[in-house]
Amino acid sequence: MGLDLDGSLESLGNSMTDLADALDRTGECVLVRFRSRTSARTTNETHLALRALWSPLWRRSLGRTINGLLPPVDVIHVAGLATPPTRNIPLIVSVDDLRPLRAETRTHLRIAQLRRAVERGATLVASSRSASHEVISVLGVARSRVVVVPPAVPRVDATRDGTDLVVNITGVDDLFIELAPQLVAFATKHGSRVVALASTGAGQKIRSSALAITVRARQDARDALANARVVMHLSDGARFPSFAIAALSAGVPTLARATEINRELLEGAAALFRNDHEVPDALEEMWTSASRRSIMVAAGRSRAVDFAPDTAARAYLSLYHEVVRGWTA
């Protein structure tokens with residue numbers, strides 16, 4: 001099967017590379033790795049001839065069929081901006097980012113691209129049940145064309161003796177600015193500091209607030225997690241909560257907004273809050289209560305296993321077999 005490594009690029013690493021490595025470990029498929037938007041980087045990746053010419057068209061599900069550029073495969077799986085046409089074999093498209101599908105930032109190119117891919121027989125993969133409902137609603141496609149398989153969450157080392165309150169900010173810059181004064185006060189009270197993982201734009205807003213917050217770029221996520229005592233995951237619910245799950249895997253008690261996707265994936269392992277007034281008490285207990293921390297660490301590590309690369313690989317292998325059977329039936 002063909003797997004596009006230019007897919008879900010997370011702050012913790014490339015989840016498609018982690019998935020590829022896990023698929024190889026199963027010994028149950030012959031994997032053809034390729035990159036739809038960038039050049040091949042290792043000897044085990046297939047070079048796509050004239051990729052730079054076709055890549056812009058693949059963003060619209062147009063252009064040359066990609067299986068003609070690859071060794072023979074039974075199915076192709078992509079997860080990034082490219083949804084290239086295929087001939088006589090099925091295409092699987094993971095849709096991990098819902099932001100381009102939402103009304104407030106609707107990118108019609110992405111919507112038209114995914115609809116065109118589905119019309120040609122592609123199967124869409126959502127990262128959660130709640131995400132699948134949104135994909136079906138926005139695209140207006142049949143429920144049978146969208147399946148749910150969580151992406152692989154990259155492995156991280158266990159955190160030992162962390163001291164920071166690490167806040168991961170995704171799409172809710174203004175909410176963080178509102179919460180920031182009480183977060184800084186909390187950290188100061190406990191001789192700690194607030195470390196914000198943020199985009200370039202959000203980082204500029206935070207720095208201009210003049211609050212005592214250490215801003216780190218997303219690519220520093222592993223380093224920040226390695227020194228976290230508590231993680232706070234602030235998101236708009238448009239993306240799979242990989243960082244929160246990585247924190248659970250690392251044994252760091254985690255607090256997150258009670259969005260639909262977080263309730264589905266994190267409830268029972270992370271603490272969820274529904275309004276700002278719940279944050280101080282939740283943080284205090286997670287920071288100071290040894291028994292509460294012990295329970296959360298155990299529950300978090302148990303839940304994180306559900307999203308480990310090897311778990312994702314098994315789920316995707318099942319999907320690949322199912323899609324190929326349906327295509328050839």
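This is a predicted model: local features need pLDDT of at least 70, side-chain atom pairs count only at pLDDT 80 or more; totals for chains, interfaces and linings use all residues.
Residues are numbered from 1 along each chain as its sequence is written, and side-chain values use heavy atoms, with hydrogens and water left out. Local features need pLDDT of at least 70 and side-chain atom pairs count only at pLDDT 80 or more, whereas totals for chains, interfaces and linings use all residues.

Helices (H or I, at least four residues) and strands (E, at least two) are DSSP runs numbered from the N terminus. Two packed helices are described by the angle between their axes and the distance between the axes. For helix 1 (residues 15-26) and helix 12 (residues 309-328), the axes come within 8 Å and cross at roughly 75°. Here axes are lines fitted to C-alpha atoms, for helices over the stretch in contact, with angles running from 0 to 180 degrees between N-to-C directions. The two helices, helix 1 and helix 12, are therefore roughly perpendicular to each other, a term that applies to angles of 65 to 115 degrees. Contact (heavy atoms within 4.5 Å) involves Asp18, Leu19, Ala22, Leu23, Arg25 and Thr26 of helix 1, which meet residues of helix 12 including Pro309, Tyr316, Leu317 and Tyr320. The residues of this contact comprise nine nonpolar, one polar and four charged; Ala, Val, Leu, Ile, Met, Phe, Trp, Tyr, Cys and Pro count as nonpolar, Asp, Glu, Lys and Arg as charged, and the others, Gly among them, as polar.

A nonpolar core is a set of buried Ala, Val, Leu, Ile, Met, Phe, Trp, Tyr and Cys residues joined through side-chain atoms within 4.5 Å. Buried denotes under 20% relative accessible area, exposed over 50% and partly exposed in between (1.4 Å probe, protein chains only). The largest core holds 33 residues, of which Ile76, Val93, Leu101, Leu124, Val135 and Leu139 touch the most other members. Elements that each supply at least two residues of this core include strand 6 (76-78), strand 7 (91-95), helix 3 (108-119) and helix 4 (129-139). Helix 4 gives the most to this core, with five residues. A second, separate core of 31 residues includes Ile169, Leu175, Leu179 and Ile206.

In helix 4, the buried residues are Ser130, Ala131, Ser132, Val135, Ile136, Val138 and Leu139. These buried residues of helix 4 pack against strand 7, helix 3, strand 8, strand 9 (146-148) and helix 9 (260-266).

The whole structure contains 19 salt bridges, each defined as a side-chain nitrogen of Lys or Arg within 4 Å of a carboxyl oxygen of Asp or Glu. Arg314 pairs in this way with Glu28, the closest N and O atoms being 2.6 Å apart. Because Arg314 lies in helix 12 and Glu28 in the loop between helix 1 and strand 4, the pair ties together parts that are 286 residues apart in sequence. Arg314 is partly exposed at 45% relative accessible area, and Glu28 is likewise partly exposed at 42%.

A salt bridge also joins Asp97 to Arg239, with the closest N and O atoms 3.2 Å apart. Asp97 lies in the loop between strand 7 and helix 3, and Arg239 in the loop between strand 13 (228-235) and helix 8 (242-249), so this pair ties together parts that are 142 residues apart in sequence. Arg239 counts as buried, at 19% relative accessibility.

Key:
Angles under 35 degrees count as roughly parallel, over 145 as roughly antiparallel, 65 to 115 as roughly perpendicular and the rest as oblique.
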